[in-house]
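Here is a protein and DNA model that we can read together, one question at a time.

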Number of protein chains: 2
Amino acid sequence: MKTPQSLGLTESCLECKLRSANFFCGLPAANLKALEAVKYTSGYPEGAVLFMEGQAPRGIMVLCKGRVKLSMTSAEGRAVILRIVKAGEVLGLHGAISGEPYQSTAETLEPCQVSFIRREDFLTFLRQNGEASIRAAQQLSSDYHVACEQVRSLGLAHSVPEKLARFLLDWATNGQEPKSGTRMKLTLTHEEIGQMIGTSRETVTRTLSEFKGKQLAALRGSTLIIQNKEALENLANE
Amino acid sequence: MKTPQSLGLTESCLECKLRSANFFCGLPAANLKALEAVKYTSGYPEGAVLFMEGQAPRGIMVLCKGRVKLSMTSAEGRAVILRIVKAGEVLGLHGAISGEPYQSTAETLEPCQVSFIRREDFLTFLRQNGEASIRAAQQLSSDYHVACEQVRSLGLAHSVPEKLARFLLDWATNGQEPKSGTRMKLTLTHEEIGQMIGTSRETVTRTLSEFKGKQLAALRGSTLIIQNKEALENLANE
DNA sequence: AACTCATTGTGACGCCGGTCACAAGCCCAC
DNA sequence: GTGGGCTTGTGACCGGCGTCACAATGAGTT
């Protein structure tokens, strides 16, 4: 087993080379070296908060290992989940670029390995490195894309089954493991699924059992099985 | 009256120097020159479609004059408005950076003046111009911010009055003219307001007259008057 | 003025889904 | 094992708002 300390940036890149939006991968090795020199790598347990809504941005974090939940909370405790960040992606880029306070909270869903780069160091790096700036823009563009899709889902869909179907299909394609067949891990509680699609926990439970009854999809433990992809797609594109 | 042809990039910058997120303003004049050489400026009437969802990205557009509606449409014709783009902002940046098809449709709300830069020209410019890349990242970061706020509004709010209050207040601060007092222009139909906050036209009409009854805000013609800002804020932060 | 077309205003109806309340599993610690 | 904490599962209720249908206003044309 690898020790946490051995998981530096470059290694994380080796692990996640499949993901094209990946921030640092593909940059010349010489440039990565510069970042290596200024990064701090550390581990966090499950449930740790990497940063919170409203805090001033301190820097960016590269998620080397684990999954992180990005969410926004309302005054009375309601929450929406913006997205689940997977290993290889960058956290806090918006804050670092804009200087605005974080508008979301990042919380680890499982033990994570994170490399931190201070904002000034990162900005300096960007300024000396045009290619990296473009890469940053690409990452932001991708994040924007995801956010827009969520707006579409929340704003256009007008039934929960529709949104849930969309969510499951999306999870199946962009999900955790690339081996996206009909069977995959979905390590989220019904509550969290509800926060992703903007509905209540009870309704998620009910709609899931409705799906199970109709042989569309079933969630057994943390294993999601998509039984009738076509029917789900019909629901989703309603 | 100015002729359309006289409204080039640099002039547009003069007009909109208040907006800090403004893309090209602040770049060294020498760099702007390079863009001047490859841009095409043209005018569009109200209701013109600059690009549509699903099209391959051809380039970016700088809105010199006018307002543009960015929206997404579902299969059966429902629509969400992502945002209203104002003079000085950039359109199609995400497409240009990512190469992905446009995920939204851009339609002019009034006669507009637009400078177009082909994607290849723009990318070349970015590569030769680190500062501009960072600027692009900043613009994307700002767009992302707006999209996230919309997710928050759609996902967290759980009544239409709440969302409408938030929308009106937001319009008052980020609205068209900087002279944001209690009285401002709101040149959108109830239908469009509904598409911005994810509700039906009828409900917008009803909620607006509810606001009028409670002396919170009134929309007379295209003039919005905020009568009781505090009460609206209470509604919005519910 | 008369006509057309877009927008706004209102009533009635019905249903989806939020909320509350509680039961039933599950997992883990001790 | 037994207990306490999270999840998940269900029933009952009811209110907001989407939808349909149509009237009323306004704005632009001829």
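**Reading the model**

Student: Where does the largest share of the surface near DNA strand C come from?
Tutor: This is a predicted model, in which local features need pLDDT of at least 70 and side-chain atom pairs pLDDT 80 or more, while totals for chains, interfaces and linings use all residues. Residues are numbered from 1 along each chain as written, with chains lettered from A and ligands numbered from 1 in the order written. A residue is near a strand if its C-beta atom, placed from the backbone, lies within 6 Å of it, and helices (H or I, at least four residues) and strands (E, at least two) are DSSP runs numbered from the N terminus. The largest share here, five residues, comes from H8(B).

Student: Which residues are the closest to DNA strand C?
Tutor: DNA strand C is surrounded by 15 residues. H8 of chain A and both H7 and H8 of chain B each give two or more residues to this surface. The closest residues are A:Ser159, A:Ser200, A:Thr203, B:Thr189 and B:His190.

Student: And which residues are the closest to DNA strand D?
Tutor: DNA strand D also has its surrounding residues, 15 of them. H7 (190-197) and H8 (201-213) of chain A, along with H8 (201-213) of chain B, each supply at least two, and H8(A) has the largest share with five residues. The closest residues are A:Thr189, A:His190, B:Ser159, B:Ser200 and B:Thr203.

Student: How many charged residues does the surface near DNA strand D have?
Tutor: For the classes, Ala, Val, Leu, Ile, Met, Phe, Trp, Tyr, Cys and Pro count as nonpolar, Asp, Glu, Lys and Arg as charged, and the others, Gly among them, as polar. The surface near DNA strand D has two nonpolar and nine polar residues, and its charged residues number four.

Student: Which element gives the most to the side of chain B that touches chain A?
Tutor: Two residues are in contact if their C-beta atoms, placed from the backbone, lie within 7 Å. The contact between the chains takes 36 residues from chain B and 36 residues from chain A. On the chain B side, strand E5 (79-85), helix H3 (93-98), helix H4 (119-127) and H5 each supply at least two residues. The most, 20 residues, comes from H5(B).

Student: Why does the length of helix H6 of chain B agree with expectation?
Tutor: The expected span of a helix is 1.5 Å times one less than its number of residues. H6(B), residues 160-174, has 15 residues and should therefore span 21 Å. Its end C-alpha atoms agree, because they are apart by 21 Å.

Student: What do the buried residues of H6(B) pack against?
Tutor: A residue is buried if 20 or more other C-beta atoms lie within 10 Å of its own, exposed if 12 or fewer, and partly exposed in between, with C-beta atoms placed from the backbone. The buried residues of H6(B) include B:Leu164, B:Phe167, B:Leu168 and B:Trp171. They pack against these parts of chain B: helix H5 (130-156), helix H7 (190-197), H8, strand E10 (217-220), strand E11 (223-226) and helix H9 (229-236).

Student: Is A:Glu230 buried or exposed?
Tutor: A:Glu230 lies in helix H9 (residues 229-236) of chain A. It has 8 C-beta neighbours inside 10 Å, so A:Glu230 counts as exposed.
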